[in-house]
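Welcome! Have the structure open beside you, and try each exercise before reading its solution.

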Amino acid sequence: MAICTVAQLKQQLNLTDDLGTADDELLQRKLAAAQNHVERLIGYKIEETYGGTDQLEIPPALIEGVLQLAAHWYENREASTVGVQGFALPFGVLDIVADYRSWSFDG
């Protein structure tokens, strides 16, 4: 289940109501992929750790990280760029992820 809604992503992207629901399916896919990616980076499923009964609420920073990444992937749909400087992730997403990463070391 997603920790962010399509409505939140539209707000993040500053999309106006005249778009309607034309891109909702695409936006939902970007949200699911972004959350999956963030969860792989932190090493656990967000909703198994936060937001449930007797759990802390989902950290706003993780929500922001998912929204930033989904928005970045929506606005930059190609894997490579020519003639400009490119970045794999939006500035700040790795910092957000690092604060919540589950570290383990096998000896």
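Rings of Phe, Tyr and Trp (its six-membered ring) form a pair if their centres lie within 6.5 Å; planes under 30 degrees apart are called stacked, over 60 edge-to-face, and the rest tilted. This is a predicted model, in which local features need pLDDT of at least 70, side-chain atom pairs count only at pLDDT 80 or more, and totals for chains, interfaces and linings use all residues. Residues are numbered from 1 along each chain as its sequence is written, and side-chain values use heavy atoms, with hydrogens and water left out.

**Exercise 1. Find the aromatic pairing and describe its geometry.**

Step 1: Applying the ring rule gives a count of one aromatic pair.
Step 2: The partners are Tyr-50 and Tyr-100, with 6.4 Å centre to centre and 85 degrees between the planes, which is edge-to-face.
Step 3: Tyr-50 sits in the loop between helix H3 (46-49) and H4, and Tyr-100 in helix H5, so the pair ties together parts that are 50 residues apart in sequence. Helices here are DSSP runs (H or I, at least four residues), numbered from the N terminus.

**Exercise 2. Work out how confident the prediction is.**

Step 1: pLDDT is the predictor's confidence in each residue, from 0 to 100.
Step 2: The protein chain averages 86, and 83% of the residues score at least 70.
Step 3: Confidence is highest in helix H1 (residues 6-13), at a mean of 96, and lowest in helix H5 (residues 93-100), at 79.

**Exercise 3. Classify the packing of H1 and H2.**

Step 1: Axes are lines fitted to C-alpha atoms, for helices over the stretch in contact, and angles run from 0 to 180 degrees between N-to-C directions.
Step 2: The H1 and H2 axes cross at roughly 95 degrees and come within 10 Å.
Step 3: Angles under 35 degrees count as roughly parallel, over 145 as roughly antiparallel, 65 to 115 as roughly perpendicular and the rest as oblique. H1 and H2 are therefore roughly perpendicular to each other.
Step 4: In contact (heavy atoms within 4.5 Å) are Val-6, Leu-9, Lys-10 and Leu-13 of H1 with Asp-24, Leu-27, Gln-28 and Leu-31 of H2.

**Exercise 4. Zoom in on Asp-24: which residues does it touch, not counting those up to four places away in sequence?**

Step 1: Locate Asp-24 in helix H2.
Step 2: Beyond those sequence neighbours, Asp-24 touches Val-6 and Lys-10.
Step 3: Leu-9 is 15 residues from Asp-24 along the chain, and their C-alpha atoms are separated by 9.8 Å.

**Exercise 5. Classify the packing of H2 and H4.**

Step 1: Helix H2 (residues 24-42) packs with helix H4 (residues 60-75) at an angle of about 125 degrees, and their axes are 8 Å apart.
Step 2: That angle makes H2 oblique to H4.
Step 3: The contact includes Leu-26, Ala-34 and Val-38 of H2, and Leu-62, Val-66 and Trp-73 of H4.
Step 4: Sorted by class, the contact of H2 with H4 has 13 nonpolar, two polar and one charged residues. Ala, Val, Leu, Ile, Met, Phe, Trp, Tyr, Cys and Pro count as nonpolar, Asp, Glu, Lys and Arg as charged, and the others, Gly among them, as polar.

Key: Helices (H or I, at least four residues) and strands (E, at least two) are DSSP runs, numbered from the N terminus.
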